[in-house]
Amino acid sequence: MEVGNKMEMAENIPCNSVVGGNFKEVCLEKVIRFKPPLYKQRYQFVRDLVDRHEPKKVADLGCGDTKLLKLLKIYPCIQLLVGVDINEEKLHSNGHRLSPYLGEFVKPRDLDLTVTLYHGSVVERDSRLLGFDLITCIELIEHLDSDDLARFPDVVFGYLSPAMIVISTPNAEFNPLFPTVTLRDADHKFEWSRMEFQTCKVFMCDLLCSERTRRAEHLGNSRGVKKLQYSVLFSALQVYTTSYPSLQQEKVLKFVLVGELLIQVDRLRLRHQRMLREQEKDQGPKPGDTDSCPAPHLLLGAVFTEAEKARIESSPKPFCEGEKFYIPLQRLLTYPKLHRLCADEDRMRSLIAGSVCLSSDGSAVVVDLHNSWDYGPEDN
Ligand code: SAH
């Protein structure tokens, strides 16, 4: 469990406040401004944690207007992102922030991501929140009344028992530095000093440890064969869910692979046409003028390392038969961008078969040497 109040940094600034219509000088040391703003520091704290530990399943309890979820959805390690809030209106009006952008279809993630929002209370057990790597509760607990606060540790630490938990709550010791504050928000039920938070933290950590011990003992007793059983409990209502396109999905992989392959085929065809023109002029290709070391205007920024160049050069070369230009799949597989998408010849063949024309033995992509609109197998 991480304690959030270590991130508070303050700056003293001069300020006037209005009391009864008259300006009143406020002592300079008495007004503070947080730089960067505290909410940004809290979110950054979570992002740093995600960077370091690369959790797959993350839930934000009391997610409010889903700002943190929106920041987290860009992390490639996260595959399930869940937000829970008791305020249904907030979830409905902010769910759309979590949908994929157009660019995320064009350049999809490597791994799947599902984002789901639940309307419900964090103090109700819900089995869909079991097994998470990270649960965040940012500025949530101070909104819980005493009954809910009493149930919170048991549900979050005892029942959900994620691998990591981040809880942040305002540090009441700063309150005298705000102009007119007793509590910082009308909905806050309390604000704690660091000591009060520490006491609560010790209690919650004890709960977490005893739950972990119980689970470990259970696994030990059953020699790891049987998993701890929990009944299915749905207390919250799903109000929004979206799945991101990713290279794990075959249709997405196909789309990206074919697009990338056609770019490479075009580059090779242009290069071959140029080489033929040079030969016609009886100049022959220039030394080092290979497809792994092309004229800059043809590759638009693609740069290969020496090892990549060597791999490309040692693979079967593209060739012409009449007006047809053949690019062996083994050659295409050596280009890093294509190799990243698919490293196996059979797999590449089956992924591209319906979208490009293949040679009769299936070992090469075939295009017309001079027409660039003839990719589809039906045109040939
Ligand atoms: N974590 C967000 C919002 C903090 S405000 C942020 O950092 O911006 C606290 C949020 O907790 C509110 O959106 C409120 O609706 C929600 N909340 C309060 N009690 C709750 C409960 N019992 N269960 C779930 N959410 C709750």
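**Close-up views of a predicted model**

**Figure 1. Arginine 47 and its contacts.** Apart from neighbours within four places in sequence, arginine 47 is in contact with Leu71, Leu72 and Tyr75. The model shown here and in the other views is predicted. Arginine 47 belongs to helix 1, which covers residues 38-53. Its relative accessible area is 23%, so arginine 47 counts as partly exposed. Leucine 68 is 21 residues away from arginine 47 along the chain, and the C-alpha atoms of the two are separated by 9.1 Å.

**Figure 2. The whole chain, for orientation.** The chain has 12 helices and 14 strands. It consists of 380 residues, and 45% of them count as buried. Of the contacts between residues at least 6 apart in sequence, 68% join residues at least 24 apart. The chain exposes about 20600 Å², of which carbon and sulfur atoms supply 56%.

**Figure 3. Phenylalanine 34 and phenylalanine 178.** The structure holds 7 aromatic pairs. In the pair formed by phenylalanine 34 and phenylalanine 178, the ring centres are 6.2 Å apart and the planes are at 45°, so the pair is tilted. Phenylalanine 34 is in strand 5 (residues 32-34), while phenylalanine 178 is in the loop between strand 10 (164-168) and helix 6 (194-221); the pair therefore ties together parts that are 144 residues apart in sequence. Both phenylalanine 34 and phenylalanine 178 are buried. Ring pairs link these two residues and Phe174 into a cluster.

**Figure 4. Phenylalanine 319 and tyrosine 326.** The ring centres of phenylalanine 319 and tyrosine 326 are 4.9 Å apart, and the planes are at 5°, so this pair is stacked. Phenylalanine 319 has a relative accessible area of 34% and is partly exposed. Tyrosine 326, with a relative accessible area of 16%, is buried.

**Figure 5. Charged groups over aromatic rings.** The charged end of lysine 73 sits over the ring of tyrosine 101, at 4.5 Å from the ring centre. Arginine 128 lies over the face of phenylalanine 234, and here the distance to the ring centre is 3.9 Å.

Figure 6. In the side chain of aspartate 85, an N or O atom is 2.6 Å from an oxygen atom of the ligand. Lysine 90 has a polar side-chain atom 2.8 Å from a ligand oxygen atom. For valine 122, a polar backbone atom is 3.0 Å from a nitrogen atom of the ligand. On its own the ligand has 570 Å² of accessible area, and the protein covers 86% of this.

Figure 7. Most residues other than glycine have a negative phi, and most peptide bonds are trans. Lysine 35 and proline 36 are joined by a cis peptide bond, with omega at about -5°. Proline 36 is in the loop between strand 5 and helix 1. Glutamate 54 is not a glycine, yet its phi is positive, at about 45°. This residue, glutamate 54, lies in the loop between helix 1 and strand 6 (57-61), and its relative accessible area of 54% makes it exposed. Threonine 66 also is a residue other than glycine with a positive phi, near 65°. The loop that holds threonine 66 runs between strand 6 and helix 2 (67-72). Threonine 66 counts as buried, with 0% relative accessibility.

Methods:
Residues numbered from 1 in each chain as written. Predicted model: local features only at pLDDT ≥ 70, side-chain atom pairs only at ≥ 80, totals over all residues. Heavy atoms only, no water. Helix = DSSP H or I, 4+ residues; strand = E, 2+ residues; numbered from the N terminus. Buried < 20%, exposed > 50% of the residue type's maximum accessible area, 1.4 Å probe, protein only. Contact = heavy atoms within 4.5 Å. Areas by Shrake-Rupley, 256 points an atom, 1.4 Å probe, with all protein chains shown as cover. Phe/Tyr/Trp six-rings, centres within 6.5 Å; stacked < 30°, edge-to-face > 60°. Lys NZ or Arg CZ within 6 Å of the ring centre and 35° of its normal. Polar contact = N/O pair within 3.5 Å; in protein donor to acceptor, adjacent residues only side chain to side chain.
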